[in-house]
Amino acid sequence: MSVPLEMKGITRTHGHGVGEVHALRGIDLTVREGELVAVMGPSGSGKSSLLNIAGGLDSPTSGSVRVAGRDVARLGARDRAAVRRRDVGFVFQDLNLVPALTAVENVALPLELDGVRPGAARADAEAALADVGLPEVADRFPEDLSGGQQQCVAIARALVGRRRLVLADEPTGALDSVTGESVIRLLRARVDAGAAGLLVTHDARYAAWADRTVHLRDGLVAGTDGGLGTDLDELQGVDA
Amino acid sequence: MSGHAPGGDRPAAGVRYRQTLGRWRLAFRLARRDLRRHTGRAVLLALMVALPVAAGSFLVTALESNERYAPAEVEAELGPGLQAKIEGIGGPVEQFWQPEDERWFWNPVGWNTYYEDDLVTTSYEELEQNIEGLLPDGDRLVRALKDQVRLEDGDDATMSVAVQTDFTEPDVAARIPVLEGRLPRTGEIAVTEHHRDLGFDLGDTVEVMLRDGTTTTATISGIAPRYISRISPVLLPEPGPLSPPEEVTSARFDFPLWYVTGHEPVTWSDVQNLNAVGAFVTSKDVLLDPPPSAEGSGLGYISWDSVAVILALIVVGLLEAIWLIGPAFAVGARRDTRSLALLAVNGASAPTLRAVMLARGLLTGAAGSVVGLGLGIAAAAVLVQAIPDRLPALRLPGASLVIVLLVGVLVAVASAWPPARRAARADVVTVLAGRRPVVTTSRRPTIVGAAAAVGGVVLAVVAGTQNWAVGLAAGIVIADLGLILACGGIVALLGRVAHRLPWTWRFALRDAARYRARTVPAIAAVLVAMAGASAALTYLDAEEVVMELPQYEPWASTGTVALSPGYGRVFSKDESERLQEIVDGALPDAGPVLPVPMALAPADAAGDAGTGSRQGLIDLFVRPVGAADSDDPLFADLGRWPGPVVTDGSDLDLLHALGIPEDHLDQVAEALADGRLPLPPSYVDKNGNARVSVRTVFSDASPRKEVVLPAVAVGGPEERLPNLPILPEALLDEIGAESATGAYLIENPAVPADEQVTLLQARADAALVGFDAARRLTVEVESGEHADSYVSNVMGPFATPWSGGAQPVMGLAIALAAVFLALVGTWSAVALSAVDARPDLATLAAVGAGPSARRRVVAAQAATISVIGSVLGLVVGTLIGVGWTLLTSLPLAVPWQQLAALAIAVPVLATVAAWTVTSTRVTPARRRPL
């Protein structure tokens with residue numbers, strides 16, 4: 001069974017000459033099934049860049065990114081889109097859902113784009129919504145959902161079908177603390193059920209739900225520590 | 001789940017199919033929801049599509065509903081009761097509807113109208129029997145015999161077509177409404193208003209002479225309208241003096257006629273059967289409900305030049321629609337950037353993102369087109385109600401309406417394509433971060449566009465000089481597309497140089513540069529409208545100049561009347577005396593009848609007037625001194641005279657009537673008496689000679705002969721004396737010609753009245769031509785300007801007015817249409833930008849910008865779009881107009897004042913209106929992530 005996410009020697013440089021900015025400088029990171037890894041760091045430390053490269057939204061300047069065993073850094077735009085349909089799900093801070101689609105349609109979106117028949121896609125999406133505890137909101141539009149519900153629907157979409165890797169970029173940033181915690185609890189539960197998660201956050205309370213936390217500074221891993229769900233023995237496996 | 005390996009493996013065909021299906025299903029679902037969620041924007045877009053579709057569908061529906069023959073016209077042609085009228089041609093024909101002329105015509109089938117050997121002849125009786133046999137059961141034929149007759153009543157005499165038929169048949173009688181009196185009975189005739197103008201009035205007793213010389217006396221019992229089926233006939237009762245011909249030959253002018261009475265309609269199928277036996281049918285049933293298959297089949301010739309120009313106009317028109325609609329899609333796409341990025345995050349590939357935008361265009365286009373179609377048809381229905389005479393019933397042209405609908409949808413999709421392409425290429429990470437996607441400023445489109453614009457204009461102008469319409473059309477399209485391609489670069493450039501301007505202009509120019517997706521189509525819409533208007537105005541101005549130029553060269557002194565026997569013919573004997581009597585009666589103030597001798601080739605000059613006389617025409621022209629052979633030769637006008645005028649100069653009256661000015665009269669007469677050609681100075685060399693080229697027209701055996709003849713310079717360098725070259729009689733031998741009377745001139749102190757000319761022609765025809773309708777005299781009157789020209793044919797005299805004076809109205813209409821389109825383009829873009837600029841304006845207000853700031857910004861935006869579009873459009877349009885003008889060989893004339901007015905009016909109107917309607921209130925707006 002391949003590792004959901006394996007990043008090795010990732011660098012990302014923006015611009016050139018005097019305007020050159022090194023967003024990431026040789027990052028190694030692996031996220032296994034059943035593992036939630038938090039990434040923390042100040043603004044500009046490279047957190048979002050790391051996440052975007054992990055999901056094939058951006059390409060590294062150098063290094064390899066293996067998602068479910070395939071090096072997405074070497075894939076073309078079309079194939080990277082296919083990886084996002086089948087292997088990786090994103091959750092952002094807010095405005096995660098396509099306003100014109102209902103909750104279940106939002107969740108079914110990657111499946112439909114991948115050619116799954118509408119009935120099957122909807123069934124999978126409803127199952128995913130049930131997994132996040134929101135089967136009743138299936139036919140509601142995003143504007144009819146609370147912020148927390150929207151984030152839960154986004155998590156459901158991130159893990160619909162056979163997707164096993166969630167990339168969450170400040171998923172609680174726009175939520176109050178109670179709702180934020182419920183969202184993180186859900187993410188944790190989905191990871192415990194067999195998924196893998198990479199969580200970018202500013203908030204140590206939420207990072208504490210992760211199995212381990214990677215601290216970034218100036219594009220480098222400044223340190224790694226465990227969280228509430230961390231098995232300390234596993235710290236040996238941290239790539240830094 | 002998908003049955004394939006993740007990542008780079010190519011999925012199976014079935015999966016690809018399902019992916020494509022899923023992509024479009026999603027695209028349409030999103031588009032549908034988008035239309036519902038953003039009703040205002042969707043309605044605006046749909047309306048923009050609907051308007052051109054409404055115009056198109058209105059046009060095609062109105063045209064379809066426009067009866068070729070409105071019932072009133074059918075009644076004028078056949079009366080209330082006749083089913084048809086039939087003319088016997090003699091050979092099989094195919095009849096067809098000619099839309100340009102709004103008339104039915106026929107073509108021979110299996111025989112030729114051009115060569116006498118190929119003409120066909122049929123027995124009258126046999127033809128009549130054949131026709132009778134093909135009529136629907138219950139219908140009957142009523143003979144109407146036609147021939148030329150001569151009417152005489154004391155001093156008055158005229159030749160006329162006579163129609164002899166049975167007026168006791170109610171349907172036939174009802175077909176000819178008599179204005180005064182009644183239809184003729186035995187011993188009577190009826191005439192038309194035309195005859196009354198010639199002196200034949202109700203109650204007069206007249207002599208009717210037939211072709212064989214038989215004369216009968218009859219009383220005029222009634223006056224019919226001037227024209228009955230385009231002729232002014234004398235009406236004779238049945239039985240009457242005319243007998244049916246033994247044969248019907250296709251060479252005749254007056255084909256035998258029958259009327260069809262009864263209750264059964266003569267259908268198109270009957271008509272085709274009748275055509276096969278040599279009958280041309282005017283059927284009520286077919287007139288009211290013409291078969292589509294009959295249209296235009298008569299002329300198979302297609303002018304590729306016309307097709308190219310029409311295609312160019314259609315392309316430019318569609319581009320205009322696309323540019324007008326485009327900004328609205330662009331703004332919609334930008335507002336949905338975040339949603340599109342989310343789709344990309346969830347695995348939507350670039351084709352999927354494009355599909356989402358295109359589906360939006362497709363749905364909006366379909367909705368707008370359906371609405372437009374409905375509006376167009378409804379408007380046509382209203383028109384049908386308003387003018388039932390012309391549009392008796394609403395008819396829907398199915399195929400044309402479908403095409404209009406599809407074009408509307410295609411225009412919408414094409415308008416959505418640029419934003420769709422941009423959406424598919426947007427950087428997802430940037431968008432998700434809430435930043436504006438980086439606008440790539442490649443110089444290539446600007447360079448390619450500028451090159452294409454210059455190339456297109458050069459092509460259009462060169463094509464104009466080379467008389468190459470396809471090149472002109474291609475040049476128009478290429479220049480148009482090139483400029484539009486370059487627009488983005490121009491806007492970006494202006495954005496960069498805006499830093500020295502006041503802040504409102506800086507804001508407007510940079511806004512235009514930042515949101516090029518919205519600005520460029522709007523500028524393109526203004527540009528295309530202005531280019532079209534300036535090209536049309538330039539061309540129209542050239543046409544108007546032609547009409548206003550003092551280029552009219554009189555061919556005689558004002559008031560002079562010329563009588564000639566038609567193209568290429570001469571009079572067989574001296575008719576001066578007989579004509580003098582007629583002239584004295586018709587033109588009491590006129591001078592003597594002056595025979596005009598013409599130079600003709602000897603073989604035909606002595607022949608009978610007109611018989612084969614085209615062979616006798618002499619084409620004579622004089623070359624200017626020191627110029628190439630093709631440069632401005634002076635030639636005898638064979639269109640008016642059968643040859644160059646020949647005289648010994650002794651008849652000063654003739655020279656005066658020929659329009660030689662008084663101050664040159666003696667000099668010309670002296671030159672002619674000396675055996676020298678009187679010519680303008682540039683045609684006479686220093687030795688007093690002229691290079692003259694002589695050729696017998698239509699004669700292969702007579703090549704062009706170059707001779708040097710003695711000449712005398714007359715008049716100033718810029719002076720054009722009429723009818724030059726006039727040949728001295730003494731030089732006839734030199735060019736191997738003889739003289740014959742080619743025309744008669746009658747000097748009149750003033751331009752004669754129409755009635756006088758009609759009378760003169762009728763009497764002259766009666767006296768000189770007789771029954772040969774093909775040889776009617778041509779009567780021309782020199783009015784000193786472009787005036788009515790009198791022509792004569794079998795239908796009788798009528799006037800064709802000089803069709804000038806429409807240019808100013810057309811020019812104004814074009815200018816107004818251009819201003820309208822330019823303003824719509826500008827304002828729609830400004831309105832859309834106002835939505836985008838709301839947060840910026842709120843920020844400006846927060847930092848202390850006054851209440852008028854919003855107005856100033858909006859006005860500056862309107863000015864930016866309208867000025868750039870107007871200037872570029874006017875420059876390119878004017879150059880294209882120059883090419884167009886050159887193509888049509890008109891003199892170049894640029895309507896600077898009108899173009900300047902447009903250049904000022906559009907930006908001023910756009911700016912002032914934008915300023916006026918803009919609210920000064922600034923609404924606080926949240927900056928939402930992109």
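How many of the 5 residues of strand 14 (residues 279–283) of chain B are buried?

## An enclosed strand in chain B

In this predicted model, 4 of the 5 residues of strand 14 of chain B are buried, so the strand is largely enclosed by the rest of the structure. Strand 14 of chain B pairs with strand 1 (residues 84–88) of chain B in the antiparallel sense, and 5 bridges connect the two. Within this pairing, B:Lys85 has B:Thr282, a residue of strand 14 of chain B, as its bridge partner.

## A buried helix in chain A

Helix 1 (residues 47–54) of chain A is likewise described by its burial: 8 of its 8 residues are buried, so this helix is largely enclosed by the rest of the structure. The buried residues of helix 1 of chain A include A:Lys47, A:Ser48, A:Ser49 and A:Asn52, as well as A:Leu50, A:Leu51, A:Ile53 and A:Ala54. After helix 1 of chain A comes A:Gly56, which has a positive phi, near 75 degrees.

## The contact between the chains

Where chains A and B meet, 36 residues of chain A are in contact with 31 residues of chain B. On the side of chain A that touches chain B, helix 2 (77–86) and helix 3 (103–113) of chain A each supply at least two residues, and the largest share, 9 residues, comes from helix 2 of chain A. By residue type, the side of chain A that touches chain B divides into 19 nonpolar, 4 polar and 13 charged residues.

## Two helices packed within chain B

Helix 2 (residues 39–65) of chain B packs against helix 11 (residues 350–386) of chain B at an angle of about 40 degrees, and their axes are 6 Å apart. Angles under 35 degrees would count as roughly parallel and those from 65 to 115 as roughly perpendicular, and helix 2 of chain B and helix 11 of chain B are therefore oblique to each other. The crossing of helix 2 of chain B with helix 11 of chain B is right-handed, and the residues of their contact comprise 21 nonpolar, 10 polar and no charged.

## A mixed sheet in chain B

Chain B also contains an open sheet of 5 strands, with the order 18-17-21-22-20 and mixed pairing. Strand 18 (634–635) and strand 20 (677–679) of chain B stand at the edges with a single partner strand each, so one side of each is left without a neighbour in the sheet.

Elsewhere in this order, strand 17 (residues 618–623) of chain B and strand 21 (residues 689–696) of chain B run antiparallel and are joined by 6 bridges. Here B:Ile618 stands opposite B:Thr696, which belongs to strand 21 of chain B.

## Backbone geometry in the loops

Most residues other than glycine have a negative phi, and most peptide bonds are trans. Against that background, A:Ala68 has a positive phi, near 50 degrees, and lies in the loop between strand 4 (62–67) and strand 5 (70–71) of chain A. A:Ala68 counts as buried because 22 C-beta neighbours lie inside 10 Å.

A:Asp218 also has a positive phi, of about 55 degrees, although it is not a glycine, and is placed in the loop between strand 9 (212–217) and strand 10 (220–226) of chain A. With 14 other C-beta atoms within 10 Å, A:Asp218 is partly exposed. In chain B, a cis peptide bond with omega of about -5 degrees joins B:Glu238 and B:Pro239, and B:Pro239 is found in the loop between strand 11 (234–237) and strand 12 (247–249) of chain B.

Note on methods: Residues numbered from 1 in each chain as written. Chains lettered and ligands numbered in written order. Predicted model: local features only at pLDDT ≥ 70, side-chain atom pairs only at ≥ 80, totals over all residues. Axes fitted to C-alpha atoms, helices over the stretch in contact; angles between N-to-C directions. Parallel < 35°, antiparallel > 145°, perpendicular 65-115°, else oblique. Left-handed = near helix turned anticlockwise from the far one by under 90°. Nonpolar A, V, L, I, M, F, W, Y, C, P; charged D, E, K, R; others polar. Contact = placed C-beta atoms within 7 Å. Buried ≥ 20, exposed ≤ 12 C-beta atoms within 10 Å, placed from the backbone. Pairing = 2+ DSSP bridges.
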